[in-house]
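User: I've got a model loaded and would like to talk through its geometry. Can we take it piece by piece?

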Amino acid sequence: MTRPAAVRDYAGVTADDRRNERRTRLLAVGRTTWGRAGIGDISIRGVCRDAELAARYFYENFDNRDAYLVAIADGVREQMVATMVQSSSETGGSIGRRLHAALTAFLRAVADDPEAFRIMTTDVSSVPGLEHRRNETLDLVADIVLAHFVEIAGEPDGRAVDDAELRPAARFVVGGVNRLIEAWIVERDVSIDDLAATCTRLALRLTEPAK
């Protein structure tokens, strides 16, 4: 009796592995094109050409161009958020120290990969689902900042802090950090450590009225 899995294997690689490899190649091409040339330069034909894959493999993984763009944006979001969370957790220590570490990690990731930041800040209003995804990304980063804010502003008697009051400040910080990064990418007028320190200081200052 022949096993179906054995039929699908090729040179020891399963069909699922081959499909995942093709998906990875397609996403890598789109990420590079979007990051360097812009979202308008991404076409299914061009992506398949650069990935050296037939169009059927594109549709094997994505329903259409919009779904493909959303997948690229999701990958960047996961990368940036994971970088911040990991750095903050590994650093430990005071809240300011952890927030500084998270922002430094974010800035270093942007400095090493400006394509990712361009993807995060592109005007995506013309692509269904992408505007919502970008807002989700900013909200996730704001949640990281908010977690630090809540700990800073916590009542000494242990009562829970209503994050509804702090969330606007967290979102303000995220928006401000994005703007500072945009300017920094062009000007590179300060070091990453100095910019992270400035962002941290401004962020912590916003919690003072809530103490």
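User: Is the crossing of H5 and H6 left-handed or right-handed?
Analyst: Bear in mind that this is a predicted model. H5 covers residues 65-91 and H6 covers residues 95-112, and their axes come within 8 Å. They cross at roughly 145 degrees. The handedness of that crossing is right-handed.

User: How do the residues of the contact of H5 with H6 divide into nonpolar, polar and charged?
Analyst: On the H5 side, the residues include Met 80, Thr 83, Met 84 and Ser 87. They meet H6 residues, among them Arg 97, Arg 98, Ala 101 and Phe 106. Sorted by type, the contact comes out as nine nonpolar, four polar and two charged.

User: Let's zoom in on Ser 87. Is Ser 87 buried or exposed?
Analyst: Ser 87 sits in helix H5. Leaving aside neighbours within four places in sequence, Ser 87 is in contact with Ala 101, Ala 102 and Ala 105. Its relative accessible area is 17%, and the cut-off for burial is under 20%. So Ser 87 counts as buried.

User: Stepping back, how many helices does the protein chain have?
Analyst: Reading from the N terminus, the elements go α-α-α-α-α-α-α-α-α-α. There are zero strands, and the helix count is 10.

User: What share of the contacts with a separation of 6 or more comes from residues 24 or more positions apart?
Analyst: For context, the protein chain has 211 residues, and 39% of them count as buried. It exposes about 11,800 Å², with carbon and sulfur atoms supplying 50% of that. As for the contacts with a separation of 6 or more, the share from residues 24 or more positions apart is 69%.

User: Is Glu 52 buried or exposed?
Analyst: Glu 52 is in the loop between helix H3 (44-51) and helix H4 (55-61). Its phi is positive, about 60 degrees, although Glu 52 is not a glycine. With a relative accessible area of 68%, above the 50% cut-off, Glu 52 is exposed.

User: Arg 188 has a positive phi too. What is its relative accessible area?
Analyst: Arg 188 is found in the loop between helix H9 (163-187) and helix H10 (192-205). Its phi is near 45 degrees, and it is a residue other than glycine. Arg 188 counts as partly exposed because its relative accessible area is 43%.

Key:
Residues numbered from 1 in each chain as written. Predicted model: local features only at pLDDT ≥ 70, side-chain atom pairs only at ≥ 80, totals over all residues. Heavy atoms only, no water. Axes fitted to C-alpha atoms, helices over the stretch in contact; angles between N-to-C directions. Helix = DSSP H or I, 4+ residues; strand = E, 2+ residues; numbered from the N terminus. Left-handed = near helix turned anticlockwise from the far one by under 90°. Contact = heavy atoms within 4.5 Å. Nonpolar A, V, L, I, M, F, W, Y, C, P; charged D, E, K, R; others polar. Buried < 20%, exposed > 50% of the residue type's maximum accessible area, 1.4 Å probe, protein only. Areas by Shrake-Rupley, 256 points an atom, 1.4 Å probe, with all protein chains shown as cover.
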